Amino acid sequence: MLSVQGLTKRFGNKAAVDNATFEVSKPAMIGIIGRSGAGKSTLLRMMNRLADASEGSITFEGNDITDLTGAAKREWQSRCAMIFQQFNLVPRMDVASNVLHGTLNRRSTLATMFNLYPQSDIHQAIDILDRLGIAEQAAKRAEALSGGQQQRVAIARALMQNPQIILADEPIASLDPMNAQIVMEALRRIHEEDGRMVIANLHTLDTARRYCDRVIGMRDGRIVFDGTPEQLTTGVARDIYGAGDDFSEAATSTEIEALDRPKQGIPVPA
Amino acid sequence: MGARFAVSSLIFPTNGDPLMVDMTSGQAHTLQDIRADYMAQTRRKRVYGAILLSLFVVMMVAGFQTADARNAGGFWEGLHRLFDFPGEVLGEALEKLAELPVHFVTYLPSLIETINIAAASTLFGALAAAIVSLLATRGLARWPRLVPVFRRIMDAMRAVPEIVIALVLIFILGGGPVPAMIAIAFHTAGALGKQFSEVNENASLKPLEGLESVGATWSQRMWLGVIPQVAPNWFSYGLLRFEINIRASAILGFVGAGGIGYELKNAMSWGKGQYDEAAAIFVLLFITIVVVDQLSSHVRDRLTHGAAASKKERQS
């Protein structure tokens, strides 16, 4: 279904993503972990084609999307939604309009400039907002919402695209634990109910273990781990985060040690 | 895999998350209501938009017809001659293309005079603007009650066209670069003062509070707390103003302030045979503006990002 072969991205002489290769045969929920600067964001940005690859290829359902340009590239982007750490909504526009931006690829530029969306689209946008529990906010400006609500608006915009893949770049890094859980559960539900592929960059191990079917670990641009959450042992995690050799803030000792303890669930601060 | 996470714990939480308040208090608001409300709002916006757009079109058409009726020649009758003059200038310049470099050398001194007028007036104008803008920004002003006074002073300085001031000063002081410099500096102080003061409004007050806590005077707080924050934006506005002032000082040459404007007036008005010189002057002015623009973006980039960081590429 999705195949990434030898994908590389160079900035100057430094490789942000170095020869990344993986295959996804059926829609799954995949977590990409690694410390900051490991190349997780760059990898997702290349898949969405926000960034161009230096080498390698991305193939989806037999079509090479690595070098698409113009309308073909935008058509791919409409099928491959992206969610950002800082939500990337238009702050001064109302929530429903932000969600309707998910249809931009299908509509004419002139109509969208004057905010002329079909009534069916508007109803669908509100239905999606309702599914995420924020339909009440439809007429408010996006900037008036809390971080967790804004991220759910961003997810609604992604769903409005009716995408086959949802890429989430650190979707919960700017949120408090409570909202982080709501957002991650929304993504998980979207994967299970709609059968969409979800690929999320995550900065904490426990989130990846808890919500993902498959975990990919990156370190210094390379994929160093690819397996199920169960295979993600303490030793592997240490390796991904480079802990042990040198101290790293990204891998705090509590996180690593939390894996050693018997399953006790993740404490949710109320 | 569904067992690995629990949705239920979040649907009925016990804390006061705003979302949950919405869900429980939202009994009165069904999905149908929300849809209807939002559609009504959308329709209202569309109607307002359509009215505004048609008003705009009507006023544009009506205004144009009024203006055209008062026009001495008539817009449509004269339209086809619009490119006659540039065409003639370009034609003559192309004919005498070989002489252009000579003209460049001839007019370089007067260009330098024009740039000098612009630079001096921008410098003095910006200094005045810096002080007045700090006095006219709410939250920063030395005397908060006098903020409106300083704002009106800036308005007045902007309102008087520099050519009027220049004409008066030339009458009193005689022709030359100094009256032009004073005239442009006066206007610059008003124009830049407003832009500076808008930049000041976005400055964070936290460093100022920090400086106040150590017992700093107002001037110290401004110099050490505000200027470092606003300098890049001030500088880029200042360079934009420099660009505008080059043009302004060229225009003042027409009324006797010297510089390249005087030469341009002669080249353009003495009739046939001089258009190649006019073209050379235009090219010189264009090059000057391009150089200032390039310089401005380069310096601004270094000021905002630092010399080392400007080349560094971002990566996740």
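User: What is the handedness of the crossing of helix 7 of chain B and helix 9 of chain B?

Analyst: The crossing of helix 7 of chain B and helix 9 of chain B is left-handed. A crossing is left-handed if the near helix is turned anticlockwise from the far one by less than a right angle, and right-handed if clockwise. This is a predicted model, in which local features need pLDDT of at least 70, side-chain atom pairs count only at pLDDT 80 or more, and totals for chains, interfaces and linings use all residues. Residues are numbered from 1 along each chain as its sequence is written, while chains are lettered from A and ligands numbered from 1 in the order in which they are written.

User: Why is helix 7 of chain B called oblique to helix 9 of chain B?

Analyst: The axes of helix 7 (residues 147–159) and helix 9 (residues 177–201) of chain B cross at roughly 130 degrees and come within 7 Å. Axes are lines fitted to C-alpha atoms, for helices over the stretch in contact, and angles run from 0 to 180 degrees between N-to-C directions. Angles under 35 degrees count as roughly parallel, over 145 as roughly antiparallel, 65 to 115 as roughly perpendicular and the rest as oblique. Helix 7 of chain B is therefore oblique to helix 9 of chain B.

User: Which residues of helix 7 of chain B make the contact with helix 9 of chain B?

Analyst: Met154(B), Met157(B) and Arg158(B) do, against residues of helix 9 of chain B including Phe186(B) and Lys194(B). Two residues are in contact if their C-beta atoms, placed from the backbone, lie within 7 Å. Ala, Val, Leu, Ile, Met, Phe, Trp, Tyr, Cys and Pro count as nonpolar, Asp, Glu, Lys and Arg as charged, and the others, Gly among them, as polar.

User: What makes helix 8 of chain B and helix 11 of chain B oblique to each other?

Analyst: Helix 8 (residues 162–173) packs against helix 11 of chain B at an angle of about 45 degrees, with the axes 11 Å apart. The two helices are therefore oblique to each other. Their crossing is right-handed. Glu162(B), Ile163(B) and Ala166(B) of helix 8 meet Ala248(B), Ile251(B) and Leu252(B) of helix 11. By class, that contact has five nonpolar, no polar and one charged residues.

User: How does the radius of gyration of chain A agree with that of a compact globule?

Analyst: The radius of gyration is taken over C-alpha atoms, and the globule rule is 2.2 Å times the number of residues to the power 0.38. For 270 residues a compact globule would have a value near 18 Å, so the 19 Å of chain A agrees.

How values were computed: Helix = DSSP H or I, 4+ residues; strand = E, 2+ residues; numbered from the N terminus.
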